[in-house]
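Here are some exercises to work through with the structure open beside you. Try each task yourself, then follow the solution step by step.

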Amino acid sequence: MANNNKAKKLKPALVLGALSVILLVLVIIFFAGGGREKVERFIEANVPKTPAVAGEPAATKTVTLFFLDDDDDLLHRETRQVAAGPTAAEEAERAIAELIKGSEKGLLSPLPPQTKVRQVFIGKGGVATIDFSRDIVEKFSYGSTMELGAVYAVVNTLAFNFKAVKKVVILVEGAEKETLGGHVDLTRAFLPDYSLVAR
Amino acid sequence: MRDPIDRTARGAVIAVALLAALAVCSVSGQAPAEQGQRIQTMVIDPGHGGMETGAKGKFGNLEKDITLAISLKLKAIVERNVGFEVVLTRDKDVDVSVENRSAIANNRKAGLFISIHANGAVQKKVAGSETFFLSLNATDEETRRLAYLENNSSALQSRIDPSSDDDLMMILWDMAQTAYIKQSSQLAELVQEELDALLGTKNRGIKQAPFKILAGVACPAILVEAAFISNPEEEQKLASEDFQMKVAEAIYRGLARYLRMPF
(Lines give C-alpha, C1' and ligand atoms only; values in the text may rest on other atoms or scores of the structure.)
Protein backbone atom coordinates (compact mmCIF):
# COMPACT_ATOMS: atom_id res chain seq x y z
CA MET A 1 0.00 0.00 0.00
CA ALA A 2 2.67 2.45 1.07
CA ASN A 3 4.83 1.42 -1.84
CA ASN A 4 1.95 1.93 -4.25
CA ASN A 5 1.29 5.42 -2.91
CA LYS A 6 4.91 6.33 -3.26
CA ALA A 7 4.92 5.13 -6.84
CA LYS A 8 1.80 7.15 -7.63
CA LYS A 9 3.37 10.27 -6.17
CA LEU A 10 6.63 9.67 -7.97
CA LYS A 11 5.13 9.27 -11.44
CA PRO A 12 3.80 12.81 -11.91
CA ALA A 13 7.06 14.17 -10.53
CA LEU A 14 9.04 12.13 -13.06
CA VAL A 15 6.79 13.19 -15.92
CA LEU A 16 7.08 16.83 -14.88
CA GLY A 17 10.85 16.52 -14.62
CA ALA A 18 11.12 14.92 -18.05
CA LEU A 19 8.87 17.54 -19.61
CA SER A 20 10.89 20.41 -18.20
CA VAL A 21 14.12 18.86 -19.49
CA ILE A 22 12.57 18.51 -22.96
CA LEU A 23 11.34 22.09 -22.81
CA LEU A 24 14.78 23.32 -21.77
CA VAL A 25 16.41 21.41 -24.65
CA LEU A 26 13.89 22.84 -27.13
CA VAL A 27 14.49 26.37 -25.87
CA ILE A 28 18.26 25.89 -26.19
CA ILE A 29 17.89 24.51 -29.72
CA PHE A 30 15.58 27.36 -30.67
CA PHE A 31 17.99 30.05 -29.50
CA ALA A 32 21.22 28.33 -30.49
CA GLY A 33 19.96 27.60 -34.02
CA GLY A 34 20.66 31.14 -35.19
CA GLY A 35 17.01 31.96 -34.60
CA ARG A 36 17.49 35.31 -32.93
CA GLU A 37 15.95 37.18 -35.85
CA LYS A 38 13.11 34.64 -35.93
CA VAL A 39 12.52 35.18 -32.25
CA GLU A 40 12.50 38.94 -32.65
CA ARG A 41 10.03 38.68 -35.50
CA PHE A 42 7.89 36.27 -33.53
CA ILE A 43 7.78 38.65 -30.59
CA GLU A 44 7.09 41.66 -32.80
CA ALA A 45 4.27 39.85 -34.56
CA ASN A 46 2.59 38.42 -31.49
CA VAL A 47 3.28 40.56 -28.44
CA PRO A 48 1.09 43.67 -28.28
CA LYS A 49 3.18 46.82 -28.38
CA THR A 50 3.14 49.26 -25.51
CA PRO A 51 1.19 52.34 -26.55
CA ALA A 52 3.33 55.31 -27.56
CA VAL A 53 1.15 57.64 -25.50
CA ALA A 54 -0.29 56.27 -22.29
CA GLY A 55 -3.93 55.29 -22.67
CA GLU A 56 -3.89 55.31 -26.49
CA PRO A 57 -3.43 52.20 -28.64
CA ALA A 58 -0.33 52.09 -30.89
CA ALA A 59 -1.38 53.36 -34.30
CA THR A 60 1.78 52.58 -36.23
CA LYS A 61 3.79 49.56 -37.31
CA THR A 62 7.54 49.66 -37.92
CA VAL A 63 8.43 48.25 -41.32
CA THR A 64 11.80 47.59 -42.92
CA LEU A 65 12.09 48.73 -46.54
CA PHE A 66 14.78 47.76 -49.05
CA PHE A 67 16.42 50.50 -51.16
CA LEU A 68 19.41 50.75 -53.49
CA ASP A 69 22.64 52.59 -52.68
CA ASP A 70 24.80 54.53 -55.11
CA ASP A 71 27.98 52.67 -54.26
CA ASP A 72 26.95 49.04 -54.79
CA ASP A 73 23.97 47.18 -56.23
CA LEU A 74 22.84 45.56 -52.99
CA LEU A 75 19.59 46.27 -51.17
CA HIS A 76 19.89 48.45 -48.07
CA ARG A 77 17.45 48.45 -45.15
CA GLU A 78 15.61 51.52 -43.92
CA THR A 79 12.92 51.43 -41.27
CA ARG A 80 9.73 53.45 -41.46
CA GLN A 81 6.47 53.87 -39.51
CA VAL A 82 3.26 53.08 -41.33
CA ALA A 83 -0.30 53.26 -39.99
CA ALA A 84 -1.19 49.97 -38.33
CA GLY A 85 -4.08 47.62 -39.19
CA PRO A 86 -6.75 46.65 -39.59
CA THR A 87 -5.28 43.88 -41.82
CA ALA A 88 -1.74 42.83 -42.72
CA ALA A 89 -2.63 43.28 -46.40
CA GLU A 90 -3.43 46.97 -45.83
CA GLU A 91 -0.21 47.44 -43.85
CA ALA A 92 1.64 45.75 -46.73
CA GLU A 93 0.07 48.18 -49.24
CA ARG A 94 1.30 51.10 -47.09
CA ALA A 95 4.79 49.60 -46.76
CA ILE A 96 5.18 49.20 -50.54
CA ALA A 97 3.77 52.71 -51.09
CA GLU A 98 6.58 53.99 -48.81
CA LEU A 99 9.10 51.95 -50.82
CA ILE A 100 7.90 53.66 -54.01
CA LYS A 101 7.87 57.11 -52.38
CA GLY A 102 11.59 56.68 -51.73
CA SER A 103 14.24 56.84 -49.07
CA GLU A 104 14.50 59.44 -46.30
CA LYS A 105 18.26 58.91 -46.11
CA GLY A 106 19.28 59.54 -49.70
CA LEU A 107 19.06 55.93 -50.90
CA LEU A 108 17.55 55.21 -54.33
CA SER A 109 14.10 53.71 -54.92
CA PRO A 110 14.19 50.55 -57.04
CA LEU A 111 10.70 51.27 -58.45
CA PRO A 112 9.41 54.03 -60.77
CA PRO A 113 8.03 56.85 -58.55
CA GLN A 114 4.76 56.99 -60.55
CA THR A 115 3.92 53.36 -59.66
CA LYS A 116 0.81 52.74 -57.57
CA VAL A 117 -0.04 49.69 -55.50
CA ARG A 118 -3.50 48.68 -56.70
CA GLN A 119 -3.98 45.93 -54.12
CA VAL A 120 -2.26 43.41 -51.89
CA PHE A 121 -3.96 40.11 -51.11
CA ILE A 122 -2.51 37.61 -48.65
CA GLY A 123 -3.77 34.07 -49.22
CA LYS A 124 -3.99 31.22 -46.72
CA GLY A 125 -1.04 29.33 -48.19
CA GLY A 126 1.29 32.25 -47.41
CA VAL A 127 1.19 33.57 -50.98
CA ALA A 128 0.91 37.34 -51.15
CA THR A 129 -0.31 38.73 -54.47
CA ILE A 130 0.61 42.35 -55.17
CA ASP A 131 -0.96 44.20 -58.07
CA PHE A 132 0.85 47.26 -59.47
CA SER A 133 -0.30 49.95 -61.90
CA ARG A 134 1.16 49.74 -65.42
CA ASP A 135 3.68 52.46 -64.48
CA ILE A 136 5.93 49.79 -62.95
CA VAL A 137 6.47 48.46 -66.50
CA GLU A 138 6.25 51.65 -68.54
CA LYS A 139 8.24 54.21 -66.56
CA PHE A 140 11.56 52.32 -66.35
CA SER A 141 13.69 50.77 -69.13
CA TYR A 142 14.91 47.82 -67.12
CA GLY A 143 18.29 46.16 -67.35
CA SER A 144 18.72 42.83 -65.55
CA THR A 145 20.23 44.41 -62.44
CA MET A 146 17.45 47.01 -62.21
CA GLU A 147 14.79 44.40 -62.68
CA LEU A 148 16.24 42.08 -60.02
CA GLY A 149 16.46 45.08 -57.66
CA ALA A 150 12.83 46.07 -58.27
CA VAL A 151 11.45 42.56 -57.86
CA TYR A 152 13.42 41.59 -54.75
CA ALA A 153 12.90 44.98 -53.03
CA VAL A 154 9.16 44.23 -53.22
CA VAL A 155 9.41 40.51 -52.38
CA ASN A 156 11.83 41.03 -49.47
CA THR A 157 9.82 43.95 -48.04
CA LEU A 158 6.66 41.84 -47.97
CA ALA A 159 8.24 38.63 -46.66
CA PHE A 160 10.45 40.36 -44.09
CA ASN A 161 7.72 42.44 -42.43
CA PHE A 162 4.69 40.19 -42.59
CA LYS A 163 5.06 36.73 -41.11
CA ALA A 164 2.00 35.48 -42.99
CA VAL A 165 3.87 36.04 -46.29
CA LYS A 166 6.06 33.19 -47.51
CA LYS A 167 5.94 33.77 -51.28
CA VAL A 168 5.02 36.70 -53.50
CA VAL A 169 3.27 36.89 -56.87
CA ILE A 170 3.54 40.17 -58.82
CA LEU A 171 0.69 41.27 -61.12
CA VAL A 172 0.44 44.32 -63.36
CA GLU A 173 -3.00 45.97 -63.82
CA GLY A 174 -4.67 42.88 -62.39
CA ALA A 175 -3.13 40.43 -64.85
CA GLU A 176 -0.18 38.06 -64.98
CA LYS A 177 2.79 39.43 -66.93
CA GLU A 178 5.80 37.50 -68.28
CA THR A 179 8.39 40.02 -67.02
CA LEU A 180 8.68 43.70 -66.05
CA GLY A 181 11.24 44.42 -68.76
CA GLY A 182 12.28 41.20 -70.47
CA HIS A 183 14.32 39.49 -67.74
CA VAL A 184 12.93 38.24 -64.43
CA ASP A 185 10.18 35.60 -64.64
CA LEU A 186 6.98 36.91 -63.02
CA THR A 187 4.89 33.84 -63.84
CA ARG A 188 6.11 31.96 -60.76
CA ALA A 189 5.87 32.96 -57.09
CA PHE A 190 9.04 34.43 -55.56
CA LEU A 191 10.68 33.40 -52.32
CA PRO A 192 12.56 36.22 -50.57
CA ASP A 193 16.29 36.44 -51.34
CA TYR A 194 18.22 38.08 -48.52
CA SER A 195 21.57 37.35 -50.19
CA LEU A 196 20.93 40.56 -52.17
CA VAL A 197 20.78 42.59 -48.95
CA ALA A 198 23.83 44.49 -47.60
CA ARG A 199 24.99 43.25 -44.19
CA MET B 1 2.08 -18.36 -50.77
CA ARG B 2 4.73 -18.25 -53.51
CA ASP B 3 3.02 -15.59 -55.56
CA PRO B 4 3.65 -12.57 -53.30
CA ILE B 5 7.31 -13.54 -52.85
CA ASP B 6 7.67 -13.84 -56.60
CA ARG B 7 6.14 -10.46 -57.06
CA THR B 8 8.47 -8.91 -54.48
CA ALA B 9 11.47 -10.48 -56.18
CA ARG B 10 10.37 -9.26 -59.58
CA GLY B 11 9.80 -5.80 -58.09
CA ALA B 12 13.31 -5.77 -56.69
CA VAL B 13 14.81 -6.76 -60.03
CA ILE B 14 12.89 -4.00 -61.80
CA ALA B 15 13.96 -1.46 -59.18
CA VAL B 16 17.63 -2.40 -59.52
CA ALA B 17 17.39 -2.22 -63.32
CA LEU B 18 15.76 1.21 -63.12
CA LEU B 19 18.41 2.50 -60.73
CA ALA B 20 21.16 1.24 -63.02
CA ALA B 21 19.53 2.92 -66.02
CA LEU B 22 19.23 6.20 -64.10
CA ALA B 23 22.88 6.02 -63.04
CA VAL B 24 23.97 5.58 -66.68
CA CYS B 25 21.76 8.50 -67.77
CA SER B 26 23.09 10.89 -65.15
CA VAL B 27 26.74 10.04 -65.88
CA SER B 28 26.39 10.64 -69.62
CA GLY B 29 24.38 13.79 -69.01
CA GLN B 30 27.14 15.42 -67.00
CA ALA B 31 30.06 15.03 -69.39
CA PRO B 32 30.38 18.25 -71.41
CA ALA B 33 32.75 16.69 -73.95
CA GLU B 34 30.25 14.03 -74.88
CA GLN B 35 27.53 16.66 -74.91
CA GLY B 36 29.63 18.66 -77.39
CA GLN B 37 29.96 15.82 -79.85
CA ARG B 38 26.20 15.49 -80.04
CA ILE B 39 25.47 19.19 -80.54
CA GLN B 40 24.30 20.00 -84.04
CA THR B 41 22.54 23.29 -83.46
CA MET B 42 23.27 26.26 -81.23
CA VAL B 43 20.86 29.12 -80.59
CA ILE B 44 22.00 32.70 -79.98
CA ASP B 45 19.38 35.00 -78.51
CA PRO B 46 19.84 38.76 -79.02
CA GLY B 47 17.95 40.16 -76.00
CA HIS B 48 14.86 42.36 -76.52
CA GLY B 49 13.89 43.85 -79.93
CA GLY B 50 11.17 45.88 -81.63
CA MET B 51 8.96 47.84 -79.23
CA GLU B 52 10.78 46.27 -76.32
CA THR B 53 14.02 48.25 -76.23
CA GLY B 54 15.56 46.87 -73.03
CA ALA B 55 17.80 49.21 -71.03
CA LYS B 56 18.67 52.67 -72.39
CA GLY B 57 21.95 54.56 -72.21
CA LYS B 58 22.50 58.26 -71.49
CA PHE B 59 23.80 58.78 -75.06
CA GLY B 60 20.70 57.15 -76.56
CA ASN B 61 22.05 53.66 -77.21
CA LEU B 62 19.50 50.90 -76.78
CA GLU B 63 20.13 47.45 -75.32
CA LYS B 64 18.24 45.76 -78.20
CA ASP B 65 20.63 47.17 -80.85
CA ILE B 66 23.80 46.23 -78.99
CA THR B 67 22.60 42.68 -78.29
CA LEU B 68 21.84 42.16 -81.99
CA ALA B 69 25.22 43.52 -83.09
CA ILE B 70 27.11 41.23 -80.67
CA SER B 71 24.94 38.22 -81.61
CA LEU B 72 25.59 38.63 -85.35
CA LYS B 73 29.33 38.79 -84.66
CA LEU B 74 29.21 35.71 -82.44
CA LYS B 75 27.23 33.80 -85.09
CA ALA B 76 29.89 34.59 -87.71
CA ILE B 77 32.73 33.44 -85.42
CA VAL B 78 31.02 30.18 -84.47
CA GLU B 79 30.12 29.38 -88.09
CA ARG B 80 33.68 30.04 -89.17
CA ASN B 81 35.17 27.75 -86.51
CA VAL B 82 32.64 25.08 -85.59
CA GLY B 83 30.66 22.66 -87.70
CA PHE B 84 27.28 23.19 -86.14
CA GLU B 85 24.34 25.23 -87.31
CA VAL B 86 23.75 28.58 -85.59
CA VAL B 87 20.19 29.85 -85.25
CA LEU B 88 19.33 33.39 -84.10
CA THR B 89 16.03 34.03 -82.29
CA ARG B 90 15.89 37.27 -84.29
CA ASP B 91 18.20 38.69 -86.97
CA LYS B 92 16.60 42.12 -87.20
CA ASP B 93 14.84 44.68 -85.00
CA VAL B 94 11.58 42.83 -84.28
CA ASP B 95 9.55 41.82 -81.22
CA VAL B 96 9.89 38.16 -80.26
CA SER B 97 8.15 36.96 -77.09
CA VAL B 98 10.28 35.26 -74.45
CA GLU B 99 8.20 32.10 -74.87
CA ASN B 100 8.84 31.99 -78.60
CA ARG B 101 12.57 32.41 -78.06
CA SER B 102 12.84 29.27 -75.94
CA ALA B 103 10.43 27.49 -78.32
CA ILE B 104 12.84 28.19 -81.20
CA ALA B 105 15.66 26.54 -79.24
CA ASN B 106 13.56 23.52 -78.28
CA ASN B 107 11.98 22.98 -81.70
CA ARG B 108 15.39 23.11 -83.38
CA LYS B 109 16.72 20.69 -80.73
CA ALA B 110 19.46 23.13 -79.79
CA GLY B 111 22.39 21.78 -77.77
CA LEU B 112 23.51 25.18 -76.51
CA PHE B 113 21.64 28.42 -75.82
CA ILE B 114 23.31 31.78 -75.26
CA SER B 115 21.26 34.90 -74.57
CA ILE B 116 23.12 38.19 -75.08
CA HIS B 117 22.23 41.28 -73.03
CA ALA B 118 23.57 44.66 -71.95
CA ASN B 119 22.95 45.43 -68.30
CA GLY B 120 21.17 48.38 -66.70
CA ALA B 121 21.17 49.64 -63.12
CA VAL B 122 19.48 52.57 -61.39
CA GLN B 123 22.93 53.72 -60.23
CA LYS B 124 25.19 55.20 -62.92
CA LYS B 125 28.36 53.96 -61.19
CA VAL B 126 27.57 50.24 -61.34
CA ALA B 127 29.76 48.59 -63.99
CA GLY B 128 31.18 45.29 -65.14
CA SER B 129 30.44 42.02 -66.91
CA GLU B 130 28.60 38.99 -65.55
CA THR B 131 27.17 35.69 -66.71
CA PHE B 132 23.93 34.20 -65.41
CA PHE B 133 22.41 30.76 -65.26
CA LEU B 134 18.96 29.93 -63.94
CA SER B 135 18.09 29.97 -60.25
CA LEU B 136 15.19 27.78 -59.30
CA ASN B 137 13.73 29.95 -56.54
CA ALA B 138 11.94 26.81 -55.41
CA THR B 139 10.35 25.60 -52.20
CA ASP B 140 11.61 22.44 -50.48
CA GLU B 141 9.01 20.25 -52.14
CA GLU B 142 9.82 21.62 -55.60
CA THR B 143 13.54 21.22 -54.91
CA ARG B 144 13.05 17.49 -54.34
CA ARG B 145 11.13 17.15 -57.60
CA LEU B 146 13.77 19.17 -59.43
CA ALA B 147 16.61 17.11 -57.98
CA TYR B 148 15.05 14.08 -59.64
CA LEU B 149 14.92 15.87 -63.00
CA GLU B 150 18.47 17.13 -62.61
CA ASN B 151 19.73 13.59 -62.15
CA ASN B 152 17.94 12.42 -65.28
CA SER B 153 18.77 15.22 -67.67
CA SER B 154 19.60 13.25 -70.79
CA ALA B 155 16.33 11.37 -70.53
CA LEU B 156 14.32 14.58 -70.32
CA GLN B 157 14.72 15.83 -73.85
CA SER B 158 13.51 12.57 -75.35
CA ARG B 159 10.55 12.49 -72.99
CA ILE B 160 9.25 15.90 -74.04
CA ASP B 161 7.63 16.10 -77.42
CA PRO B 162 7.86 19.73 -78.59
CA SER B 163 4.83 19.45 -80.84
CA SER B 164 2.57 18.48 -77.96
CA ASP B 165 0.26 21.17 -76.60
CA ASP B 166 -0.88 19.10 -73.66
CA ASP B 167 -0.96 20.96 -70.32
CA LEU B 168 1.43 18.54 -68.67
CA MET B 169 3.91 19.02 -71.49
CA MET B 170 3.66 22.77 -71.00
CA ILE B 171 4.52 22.34 -67.32
CA LEU B 172 7.47 20.10 -68.21
CA TRP B 173 8.68 22.69 -70.73
CA ASP B 174 8.32 25.38 -68.11
CA MET B 175 10.87 23.52 -65.99
CA ALA B 176 12.99 22.25 -68.88
CA GLN B 177 16.14 24.09 -67.78
CA THR B 178 16.17 22.47 -64.34
CA ALA B 179 17.69 19.31 -65.85
CA TYR B 180 20.67 21.25 -67.22
CA ILE B 181 21.64 23.47 -64.29
CA LYS B 182 25.02 21.82 -63.75
CA GLN B 183 26.11 22.08 -67.39
CA SER B 184 24.79 25.64 -67.56
CA SER B 185 26.86 26.65 -64.55
CA GLN B 186 29.99 25.11 -66.12
CA LEU B 187 29.37 26.97 -69.37
CA ALA B 188 28.72 30.21 -67.45
CA GLU B 189 31.98 29.85 -65.53
CA LEU B 190 34.09 29.32 -68.66
CA VAL B 191 32.46 32.17 -70.61
CA GLN B 192 32.84 34.52 -67.64
CA GLU B 193 36.55 33.66 -67.36
CA GLU B 194 37.07 34.61 -71.00
CA LEU B 195 35.03 37.82 -70.67
CA ASP B 196 37.24 38.73 -67.73
CA ALA B 197 40.40 37.96 -69.72
CA LEU B 198 39.43 39.88 -72.88
CA LEU B 199 37.23 42.83 -71.93
CA GLY B 200 39.09 44.69 -69.19
CA THR B 201 35.80 45.34 -67.41
CA LYS B 202 35.08 44.65 -63.74
CA ASN B 203 34.48 40.93 -63.22
CA ARG B 204 31.07 40.57 -61.54
CA GLY B 205 31.32 36.79 -61.68
CA ILE B 206 28.72 34.14 -62.41
CA LYS B 207 25.29 34.52 -60.83
CA GLN B 208 21.95 32.78 -60.67
CA ALA B 209 18.65 34.54 -61.34
CA PRO B 210 15.08 33.47 -62.18
CA PHE B 211 15.24 34.74 -65.76
CA LYS B 212 12.25 33.84 -67.92
CA ILE B 213 14.35 33.30 -71.05
CA LEU B 214 16.43 30.54 -69.41
CA ALA B 215 13.62 28.67 -67.63
CA GLY B 216 12.07 27.03 -70.69
CA VAL B 217 15.21 26.02 -72.57
CA ALA B 218 15.96 22.27 -72.69
CA CYS B 219 19.75 22.45 -73.06
CA PRO B 220 22.69 24.17 -71.31
CA ALA B 221 21.74 27.86 -71.32
CA ILE B 222 23.35 31.08 -70.10
CA LEU B 223 22.65 34.80 -70.24
CA VAL B 224 25.63 37.09 -70.78
CA GLU B 225 25.51 40.68 -69.52
CA ALA B 226 28.38 42.16 -71.52
CA ALA B 227 28.58 45.49 -69.64
CA PHE B 228 26.34 48.25 -68.25
CA ILE B 229 24.64 50.50 -70.79
CA SER B 230 23.49 52.60 -67.79
CA ASN B 231 27.15 53.43 -67.06
CA PRO B 232 28.18 56.22 -69.51
CA GLU B 233 31.72 54.90 -69.92
CA GLU B 234 30.59 51.34 -70.58
CA GLU B 235 27.79 52.56 -72.87
CA GLN B 236 30.46 54.05 -75.16
CA LYS B 237 32.35 50.75 -75.11
CA LEU B 238 29.22 48.69 -75.85
CA ALA B 239 28.45 50.90 -78.85
CA SER B 240 31.91 50.33 -80.39
CA GLU B 241 32.53 47.61 -83.01
CA ASP B 242 35.81 46.76 -81.34
CA PHE B 243 34.30 46.02 -77.92
CA GLN B 244 31.37 44.12 -79.46
CA MET B 245 33.88 41.94 -81.33
CA LYS B 246 35.79 41.26 -78.09
CA VAL B 247 32.58 40.20 -76.33
CA ALA B 248 31.74 37.82 -79.20
CA GLU B 249 35.27 36.41 -79.23
CA ALA B 250 35.26 35.88 -75.43
CA ILE B 251 31.92 34.05 -75.54
CA TYR B 252 33.19 31.89 -78.38
CA ARG B 253 36.37 30.98 -76.43
CA GLY B 254 34.31 30.09 -73.38
CA LEU B 255 32.02 27.79 -75.30
CA ALA B 256 34.94 26.22 -77.19
CA ARG B 257 36.52 25.38 -73.84
CA TYR B 258 33.19 23.98 -72.66
CA LEU B 259 33.09 21.76 -75.75
CA ARG B 260 36.78 20.87 -75.18
CA MET B 261 37.75 22.15 -78.60
CA PRO B 262 40.91 24.07 -79.52
CA PHE B 263 40.41 27.73 -80.44
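Chain B has eleven helices and six strands. Keep in mind throughout that this is a predicted model.

**Exercise 1.** Find how many helices and strands chain A has, and describe how they follow one another along the sequence.

*Solution.* 
- Step 1: Count the elements. Chain A comes to five helices and five strands.
- Step 2: Read them in sequence order. The pattern is α-α-β-β-α-β-β-α-α-β.
- Step 3: Look at burial. Of the 199 residues in chain A, 32% are buried. In chain B, 44% of the 263 residues count as buried.
- Step 4: Look at contacts between residues at least 6 apart in sequence. In chain A, 61% of these join residues at least 24 apart. For chain B the figure is 82%.

## A helix and a sheet in chain A

**Exercise 2.** Compare the span of helix α3 of chain A with the span expected at 1.5 Å a residue, then list its buried residues and what covers them.

*Solution.* 
- Step 1: Helix α3 of chain A covers residues 88-101, which is 14 residues.
- Step 2: From its first C-alpha to its last, α3(A) reaches 20 Å, close to the expected 20 Å.
- Step 3: The buried residues of α3(A) are A:Ala88, A:Glu91, A:Ala92, A:Glu93, A:Ala95, A:Ile96, A:Leu99 and A:Ile100.
- Step 4: Now look for the cover. It includes β1 (60-68), β2 (75-83), β3 (117-122), β4 (127-132) and α5 (144-161) of chain A.
- Step 5: Step just past the end of the helix. There A:Gly102 takes a positive phi of about 115°.

**Exercise 3.** Work out the strand order of the open sheet of three strands in chain A, and say which helices lie on these strands.

*Solution.* 
- Step 1: The order is β3-β4-β5 (chain A), and the pairing is mixed.
- Step 2: β3 and β5 (167-172) of chain A are the edge strands, each pairing on one side only.
- Step 3: From one strand to the next, the twist averages 15°.
- Step 4: β3(A) and β4(A) run antiparallel and are joined by five bridges. Across this pair, A:Gln119 stands opposite A:Asp131 in β4(A).
- Step 5: α3(A) packs on the sheet and touches β3 and β4 of chain A, its direction making about 140° with that of β3(A).
- Step 6: α5(A) lies across β4 and β5 of chain A and runs at about 130° to β5(A).

## Inside chain B

**Exercise 4.** Explain why strand β4 of chain B can be called largely enclosed, and find its partner strands.

*Solution.* 
- Step 1: β4(B) spans residues 129-134, and six of its six residues are buried, so the strand is largely enclosed by the rest of the structure.
- Step 2: One partner is β5(B), residues 203-209, which runs parallel to β4(B) and is joined to it by five bridges. Here B:Leu134 stands opposite B:Ala209.
- Step 3: Another partner is β6(B), residues 221-228, paired in the antiparallel sense over three bridges. B:Thr131 has B:Val224 as its bridge partner in β6(B).

**Exercise 5.** Decide whether B:Ser184 is buried or exposed, and name its contacts.

*Solution.* 
- Step 1: Locate B:Ser184 in helix α8 (residues 181-199) of chain B.
- Step 2: Leaving out residues up to four places away in sequence, B:Ser184 touches B:Phe133, B:Leu134, B:Pro220, B:Ala221 and B:Ile222.
- Step 3: Turn to B:Ile222. Beyond four places in sequence, its contacts include B:Ser184, B:Leu187, B:Ala188 and B:Val191.

## Where the chains meet

**Exercise 6.** Which element of chain A gives the most residues to the side that touches chain B?

*Solution.* 
- Step 1: Take both sides of the interface: 23 residues of chain A are in contact with 27 of chain B.
- Step 2: On the side of chain A, α5(A) gives the most, with five residues.
- Step 3: Sort that side by type: nine nonpolar, eight polar and six charged.

Note on methods
Residues numbered from 1 in each chain as written. Chains lettered and ligands numbered in written order. Predicted model: local features only at pLDDT ≥ 70, side-chain atom pairs only at ≥ 80, totals over all residues. Helix = DSSP H or I, 4+ residues; strand = E, 2+ residues; numbered from the N terminus. Expected span 1.5 Å × (residues − 1). Buried ≥ 20, exposed ≤ 12 C-beta atoms within 10 Å, placed from the backbone. Contact = placed C-beta atoms within 7 Å. Pairing = 2+ DSSP bridges. Axes fitted to C-alpha atoms, helices over the stretch in contact; angles between N-to-C directions. Nonpolar A, V, L, I, M, F, W, Y, C, P; charged D, E, K, R; others polar.
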